[in-house]
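This report walks through a few parts of one structure. Please look over the sequence and the model before reading on.

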Amino acid sequence: MSFEKESNFCVPFWIDGTTICPEDSPRYDVTTPPSQALTWTACAASPATVDEAIASASKAFITWSKTPLPDRISIFSKAASILESSASEVQYYFEKEIGAGIGWSAFNQSFCVKSLGSIGNVLEEALRSETIDGGDSMTAMLHRVPYGVVGAIAPCATRNAPLILGLRAVLAPIAAGNTVVMLAAPLSPMTHHFIALLLHSAGLPPGVLNVLPAPSAPGNAAEVVETLLKHPAVQYLNFTGSTAVGRKINEVAGRYGKPVTMELGGKCVALALKDADLDTLAQELVVGAYLNSGQICMSTELAIIPSPLIPTLVQKIVDSIRIIFPESQLPLVTGTAKDKLLGLLKDAIEKGAVVYSSSGEEAPATLIDSITADASSSVPLLFLTKVTKDMSIYQTETFGPIFSIVEYDGENPHDGIALANELEFGLSVSIFSKNEVEAIKLGEYIDSGAVHINHMTVYDNPVFPHGGVKASGYGRFGGKWGIQEFTYIKTITFKKPVA
């Protein structure tokens, strides 16, 4: 097939509507999990190529910002049709760059088809002007205006959902009339390059979207990000990634006075009330924790469970793992991710946690030895009981196929809510109860960008707002809110005509 590539292929830059691969450009290896075999290489963005991309975006903004909404919508609709027929290509990139199976690539593809196809339904409403009577002699007209050139960075998309998060980073800004310079995720650069090819094939003009693989070395990446943010033409940035990196980027953005939308890390909680349906709870915990190897920002990390329910629930979780995930291991995207998870697991075991897998309770020493001996980046599907606040895993996002059960007595649901709210993060929380009305009321007390009732923490919909609070970020992607995020309000006042 024409999209298949040899290992000597190099992912190029996409600047001004064409591929560019300078021979003197620094390059880095892209590998396939879990074996980490060489997949291909990628050109690494430099300050010079970032400036070139910004120049292209600045020029394109003059025309694109004035492009009628029906013309923009037509491009997105055509892109949706093209993407709908590109399942094999999407699966190929997912398998090669993140080691994902057909189920996860198909979900990413269908979600993005919906994103492209539905944005036209809310674009006019999101950008509609308003007129306000000032109550004196003045009237104000309020217009939604695109910022200009928007920077987009989504390194977390490498492990999460590279097509969904990559498209999300560029679609709303472009729909609002901005142009974009995107730094593609270092471990999935071809998937993000594919987004540029897709939109270009649908008729997006040159320069509206420019995509450059971000450098894999942290020091080089920091230099490139600062080059992007300090450029006077770049007026806004959106970032999806870890809280630690997001804070560093926010510092740089603040230095140059640039606003930022950020979706950062999560330590997502499933809170069970004492009347929770345990079959539903077990199934939603298992899927929410292990989907895509737990490498989703909304993955279930902590289950806060009434003590009397735990013995029965543990067995139901073990049974659910066997049915839903019959494979004994799942791949992590890098060996570094595996090392992090292994360190958290060792710390928890040393401090008294009990470890379970689809085989039931595990012997800690044997488990650690088997994980360590495996040279690949795969790990078994695990969950822990007897987890306490002094364990690192209680507070730290694992980004792997493991979750922890934390006990509370269950008599007062607000005790469970207090445990959830004590966490640094606030991206997604689930509440499980047979009393849906009560669960919805309790959701109002939870510090989280989203609360899901009797559903796993992993849920997103392109027509809904999505984002976090506290250390999980600020601003919203999705729906009309995601479009408005990338505009500012211009107020034009005038005197009312005298009657």
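## A kinked helix

Helix 4 has a kink of about 40°, centred on Asn-121. The bend at a residue is the angle between axes fitted to the seven residues ending there and the seven starting there. Helix 4 covers residues 102–127, 26 residues in total, and spans 37 Å from its first C-alpha to its last, close to the 38 Å expected at 1.5 Å a residue. The expected span is 1.5 Å times one less than the number of residues. Helices (H or I, at least four residues) and strands (E, at least two) are DSSP runs, numbered from the N terminus.

The model is predicted: local features need pLDDT of at least 70 and side-chain atom pairs count only at pLDDT 80 or more, while totals for chains, interfaces and linings use all residues. Residues are numbered from 1 along each chain as its sequence is written, and side-chain values use heavy atoms, with hydrogens and water left out.

Buried means under 20% relative accessible area, exposed over 50%, and partly exposed in between (1.4 Å probe, protein chains only).

Strand 11 (residues 234–240) runs parallel to strand 12, joined by 4 bridges. From strand 11 the chain passes through helix 8 (residues 243–255) to strand 12, a right-handed β-α-β crossover. Right-handed means that, with the strands pointing away from the viewer, the path from the first strand over the helix to the second runs clockwise. Phe-239 has Met-262 of strand 12 as its bridge partner. Strand 25 (residues 473–474) pairs with strand 12 in the antiparallel sense over 2 bridges, and there Tyr-474 is the bridge partner of Met-262. Two strands pair if DSSP finds at least two bridges between them.

## Two domains

The domain assignment, which is automatic or from a database, gives domain 1 (10–264 + 472–489) and domain 2 (269–453). Their centres, taken over C-alpha atoms, are 32 Å apart. Domain 1 gives 18 residues to the contact and domain 2 gives 19 residues; contact means heavy atoms within 4.5 Å.

## Ile-431

Ile-431 is part of strand 22 (residues 428–432). Ile-431 counts as buried because its relative accessibility is 0%. Not counting residues up to four places away in sequence, Ile-431 touches several residues, including Leu-271, Leu-273, Leu-442 and Ile-453. Thr-457 is 26 residues from Ile-431 in sequence, with 9.1 Å between their C-alpha atoms.
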